[in-house]
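Subject: Structure handover

Hello,

Here is the structure for you to open. My notes on it follow below.

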Amino acid sequence: MQQFNVLELLSQDIKHTEVEVKGWVRTFRANRFIALNDGSTLKNIQCVVDFESIDESLLKRITTGAAIHIIGDLVESQGKGQTVEIQVKNLSILGDSDPDTYPIQPKKHSFEFLRENAHLRTRTNTFSAVMRLRSALSFAIHKYFNDNGFYYMHAPIITGSDAEGAGEMFKVTSLDIENLPKNGGDKVDFSKDFFGKETNLTVSGQLEAETYAMSLGKVYTFGPTFRAENSNTSRHLAEFWMIEPEVAFMDLTGNMDLAEDFLKYVLKYILENNTEDLAFLDKRLQDEDKTKPQAERNSMTLIEKLKFVTDNNFKRVSYTEAIDILRNSKPNKKKKFQYIIDEWGADLQSEHERFLVEKHFKCPVILFDYPANIKAFYMRLNDDGKTVRAMDILFPGIGEIVGGAQREERLEVLKEKMAAIDIPEEELWWYLDLRKFGTAVHSGFGLGFERLVMFTTGMSNIRDVIPFPRTPQNAEF
């Protein structure tokens, strides 16, 4: 006898066949109707029990959350809402569930409550849909890069460098924190530490990926990164995943082409292959919108938002042009923006980015050539001496989703930029070596994976698109 999952049973023409299925009980009504789900689909399959032929003590164990094994005949359903159902011939309990303490009861739960029960929240429709989409996005990302000749590179998680120069990093040490060795005065003697130097969890795999790009040509990293930023907002995590391609002999224009093509590909993949989960999350978002004041509602449905990206060419606009547009915009002149744009050099906020995308251009936007003093040291300085070949991609509803740049390939210019922000040359000697031995134009970008999952699923809190969120004062599970 063949064992099927619920998705296979609901989608294949195998009626009047004896089947075997295992899953978790969602509901059990009238001692007769079991709604069974195994995570393969949003939908449950109805299993009809002849309660007169099953021992009463067994019936009492069929409770919400219990894991069960069913053998029966797959037949056309007599009720509404499903095409097939299983007439149960044999039923066994694989794992009991205490109905008095099982937290995921068949009722509406708040997302805050479900975060407290993150180990069980994927038994709800919303979170099972979100995590199936997360998995599909991961596959699409790897498929895109594999199909386009990229090599997958595993960047180190423990590092002695700070790619962003932000300083908000988690320290890694084997030293006894109750008895730290000191070097002369009050400073910790890290020469006694495991690695013989001060080390941290990485904030980015970019610098290491550049080294591989300058020998393998096209590489990408897709792994965990960490920021010790004490921020409790709905957009920040202490542990998150980053996608970072790096390509040799590619300039800023090629970088923008790559990023646009990549984003369109992965979102088209989801639109074509995850229709059921998308439709469910789209309806969830629309139902949620109905409870909000008109001014706070989304201007597009979830699926419309995804197609807004896949069906439009991305508008490419210089930072300078964008500043002029924003400075002369109605929200700026009427002081409707929280952050008023007065002069060139301002660091754009989400409200500005969304205005450009949703109101002014009405398509995704790529901003490029940013002021050097608001961007990272490794970005290539333009001939004007005040801007760098950086680019950010802006999406509706979320603002910036991708940040990238052509990298500074000139040794002396890079040394000057590092000195200006006090990055010692000896700390990144190997990075400078790339500029000594066969230097060439190269570019890349970074995409926070959870930001992409948020955009794709319509979830408003980043804690709800990663299995076990790590945030200030929270490292549960």
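Start with Lys264. Setting aside neighbours within four places in sequence, Lys264 is in contact with Val309, Thr310, Asn312, Asn313 and Phe314. Contact means heavy atoms within 4.5 Å. Lys264 sits in helix α6, residues 252-273. Its relative accessibility is 12%, so Lys264 counts as buried. The cut-offs are these: buried is under 20% relative accessible area, exposed is over 50%, and partly exposed is in between, with a 1.4 Å probe and protein chains only.

Before you go further, this is a predicted model: local features need pLDDT of at least 70, side-chain atom pairs count only at pLDDT 80 or more, and totals for chains, interfaces and linings use all residues. Residues are numbered from 1 along each chain as its sequence is written, and side-chain values use heavy atoms, with hydrogens and water left out.

The whole chain

The protein chain has 14 helices and 16 strands. Both are DSSP runs numbered from the N terminus: helices are H or I with at least four residues, strands are E with at least two. The C-alpha atoms fill a box of roughly 85 × 60 × 45 Å along the principal axes. Of the 477 residues, 50% are buried. Take the contacts with a separation of 6 or more: residues 24 or more positions apart account for 68% of them. The accessible surface is about 23500 Å², and 48% of it belongs to carbon and sulfur atoms. That area comes from the Shrake-Rupley method with a 1.4 Å probe; for residues, only the protein chains shown count as cover.

The second largest pocket

This pocket holds about 1000 Å³ of space. It is lined by 29 residues, and the closest to its centre are Asn298, Arg354, Glu358, Gly397 and Ile398. A pocket here is an open set of points on a 1 Å grid over the protein atoms alone, where a 1.4 Å probe fits, with protein on both sides within 12 Å along at least five of seven lines; lining residues have an atom within 4 Å of a point. Grid points are joined across faces, edges and corners, and the volume is the space filled by probe spheres set on the points.

Which helices each supply at least two lining residues? They are α7 (275-289), α11 (350-361) and α14 (449-457). The largest share, 6 residues, comes from α11.

α11 and what follows

Ser350 lies in α11. It is partly exposed, at 22% relative accessibility. Leaving aside neighbours within four places in sequence, Ser350 is in contact with Arg235, Ile398 and Gly399. Ser350 and Gly397 are 47 residues apart in sequence, yet 9.0 Å apart in space, C-alpha to C-alpha.

Now look at phi. Most residues other than glycine have a negative phi. Lys362 is not a glycine, but its phi is positive, about 55°. Lys362 is in the loop between α11 and β13 (365-371). Its relative accessible area is 55%, so Lys362 is exposed. Asp369, in strand β13, also has a positive phi, near 60°. Asp369 is partly exposed, at 22% relative accessible area.

α14

Is α14 enclosed or open? In α14, 9 of the 9 residues are buried, so the helix is largely enclosed by the rest of the structure. Among them are Phe449, Glu450, Arg451 and Phe455. Gly458 follows α14 and has a positive phi, near 80°.

Best wishes
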